[in-house]
Amino acid sequence: MTAEAASPAPGTAGPGAAGATAGARARRTGRWPPTLIAGSALLLFFVMIAIAAPLFGNPLHQDLLGGLTRTGLPLGISRAHPLGTDTLGRSELARLAYGIRTSLIVAIIANITSITVGATVGLLAGFFGGPLETILMRLTDVGLALPYTLAALVIAGLMTAGLTRVIVIITALFWAYPARLVYGEVLRLRHRGFVESGEAMGASGITVVRRHLAPHMFPLLVTYSPLNAASAVVFEATLSYLGAGINPPTASLGNMISDGQDALSYAPHLLLVPAAAILLITMSFLLIGEGLKARNPDLARVSWLGR
Amino acid sequence: MARTLTRRLIYGLIAVLGVAVLAFLAEFVIPGDPARALAPRAQSAAVLENIRVQLHLNQPLLVQFADYFANLFRGNLGTSYVQRQSVASLILPRLVYTGWLALAGVVAEVVIGGTLGILAALYPRVRAAVNSVNLTLLAMPEFVLGLLLLLIFGFRLHMAPVTGGAGPAQIVLPALTLGLIGAPWYAQIVADQMSDSLSSAYVRTAVAKGLTDRDILRRHVLRNVLSPALTMIGLDLGSYLSGVVTVEVVFGWPGIGLLAVQSLQNLDRPVVMATVIVGAVAVVVFNLIADLLRMYVDPRTKEEPA
């Protein structure tokens, strides 16, 4: 997590940004850029695995006799166990499918919650100004200065293990950057005609924010959300790996990797299988993010968690 | 300039204090009794009560809060519950180890990222390849990359030690992990800035003036690349010094991140507080240094950034 904390470096777009001219062309013709197509296809593949997870077997079924070699080692790839078994003789394929399901659920829910909280803070601070702005934006500074992993471990201590805990942690840490993004955007639009005419017509502040400003945040947030989702997937795995997210025996890519670490010298597939899954899921979100930026070059500055 | 600096310092101080207050309150809500963690097998309530009195845990939250922050302002970070020594003396050697790792990591990412970026800028055909390397590295979680390097170079090729520790041999893989994870950001900045610069009017002028390629690269191109790269280096040093928790856990590197994780498990509140505060200070200070350096290298950025 090199993205830990820190304010965004002005004028730095995220790496891998596709050329603006190709993007402008794609936008005019309404075609999807190749990155967007590839990312969406990859994500769709994982969504289907997540939905069909029960078809791949029971992730909790331990088979200490049939699922291990005679000397008690995990099985390699075979017809009965397409991705082998783990140290407890559980099917690695079944665990993988459920791990992917966990990752995607976290990516979707935590993405929505963190961006909603952040956008609300940014909108209120940017529109109303005054003491509210000072309080909210200093709070955002605090949020950005928090050492993420440590803060996550502290919050983890407050709650019982499970999906809710992971989502709460990610929301508590990931709202600050979108808050700053939205705040900057509101400041840019604050004195535009459509906002001031809304006010002049006597609409209340909240109404102007809700009806006139919020819709303008949409492209920004849609572009940011796949990057945020990628961070959420990585963070869930990190938390579960550190024992502060989703606890065994529930399958999560992070705790599968943690199991794989213990078997590194004799069963490397227990690391490689979940590692490949997490890499590809994150990559699908990043490709979608790059594709959206290519379609909308004005938003090329939207970057990954403050970088 | 001086006003900007003062304002930034005050904001930074507020942010650090906010982090400290949050951490203090959070630690109190964490279920678990430090006295019981210290004496897990103690049978009598009197023993536990005795420990609580010694650690001032029997006092109300507000009193403990006031005590802690009064001490903090005097520069006293308290005493570790578990190690029975001052937190400052406990944390300092760990900070040194984290400092070495942070430095090695930043050097690695600048070298790897810079090379990738320069290649992409000078040879357009390499650019697509560099972009896919970037994307793969970006998508890779830190601890996964660490474990993969450990598997390849440690367990398969026997080129690196697989046991924890803190020596020149043990720093290679964690530093390489940080370097590879951070490299795409540098590669991107260097590639973008260099291509912009190479096609700029001032480089064309320099060519027309008859300067050698080397002089043009050094005097005109690299100077423009330096400024955003410096900002990034500052940000990275700050965030790495706040503890590279996952990398330190994967490789057993005895830095501040590993200390923080262990102290959290032991409910060693003063140590956890100190690691969180040191981390926040590092982030804020290095952000500031990065901005100052950038103003120095590139005077155009002296105006207050939005």
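Q: What kind of crossing, left-handed or right-handed, does H3(A) make as it passes H4(A)?
A: In this predicted model, H3(A) passes H4(A) in a left-handed crossing. The name is used because the near helix is turned anticlockwise from the far one by less than a right angle.

Q: How do you know at what angle helix H3 and helix H4 of chain A cross, and within what distance their axes come?
A: Two packed helices are described by the angle between their axes and the distance between the axes. For helix H3 (residues 92–128) and helix H4 (residues 130–145) of chain A, the axes come within 7 Å and cross at roughly 140 degrees.

Q: Which residues in H3(A) and H4(A) meet, and what classes does the contact have?
A: From H3(A), the residues A:Val121, A:Leu124, A:Ala125 and A:Phe128 take part, and they meet A:Gly130, A:Leu132, A:Glu133, A:Leu136, A:Met137 and A:Thr140 in H4(A). By class, this contact has seven nonpolar, two polar and one charged residues. Gly counts as polar in this scheme, so A:Gly130, one of the residues of H4(A) in the contact, is placed in the polar class.

Q: What makes the crossing of H3(A) and H7(A) left-handed or right-handed, and how do their axes cross?
A: H3(A) passes H7(A) in a right-handed crossing, a name given because the near helix is turned clockwise from the far one by less than a right angle. The axes of H3(A) and helix H7 (residues 176–189) of chain A come within 7 Å, crossing at roughly 35 degrees. Among the residues that make the contact are A:Ser114, A:Gly118 and A:Val121 of H3(A), together with A:Tyr177, A:Arg180 and A:Leu187 of H7(A). The residues of this contact divide into 15 nonpolar, four polar and one charged.

Q: Where is A:Leu270 found, and which residues is A:Leu270 in contact with, leaving aside its neighbours within four places in sequence?
A: A:Leu270 belongs to helix H11 of chain A. Apart from neighbours within four places in sequence, A:Leu270 is in contact with A:Pro74, A:Asp86, A:Glu92, A:Asp259, A:Gly260 and A:Ala263. A:Asp259 lies eleven residues from A:Leu270 along the chain, and their C-alpha atoms are separated by 7.2 Å.

Q: Which members touch the most others in the largest nonpolar core?
A: Of the 170 residues in this core, A:Ala145, A:Ala152, A:Val233, B:Val19, B:Val190 and B:Ala280 touch the most other members. Helix H9 (residues 205–241) of chain A gives the most to the core, with 16 residues. Leaving aside neighbours within four places in sequence, A:Ala152 is in contact with A:Ile169, A:Leu173, A:Leu239 and A:Ala244.

Q: What is the peptide bond from A:Pro248 to A:Pro249, cis or trans?
A: This bond is cis, with omega near 10 degrees, and A:Pro249 is found in the loop between H9 and H10 of chain A.

Q: How do you know how much confidence the predictor has in chain A?
A: The mean pLDDT of chain A is 84, and 89% of its residues reach 70 or more. Over residues 1–20 of chain A, however, the pLDDT is below 50, although this stretch has 72 contacts in the model beyond near neighbours in sequence.

Methods:
Residues numbered from 1 in each chain as written. Chains lettered and ligands numbered in written order. Predicted model: local features only at pLDDT ≥ 70, side-chain atom pairs only at ≥ 80, totals over all residues. Axes fitted to C-alpha atoms, helices over the stretch in contact; angles between N-to-C directions. Helix = DSSP H or I, 4+ residues; strand = E, 2+ residues; numbered from the N terminus. Contact = placed C-beta atoms within 7 Å. Core = buried A, V, L, I, M, F, W, Y, C linked by C-beta atoms within 7 Å. Buried ≥ 20, exposed ≤ 12 C-beta atoms within 10 Å, placed from the backbone. pLDDT = per-residue confidence, 0-100.
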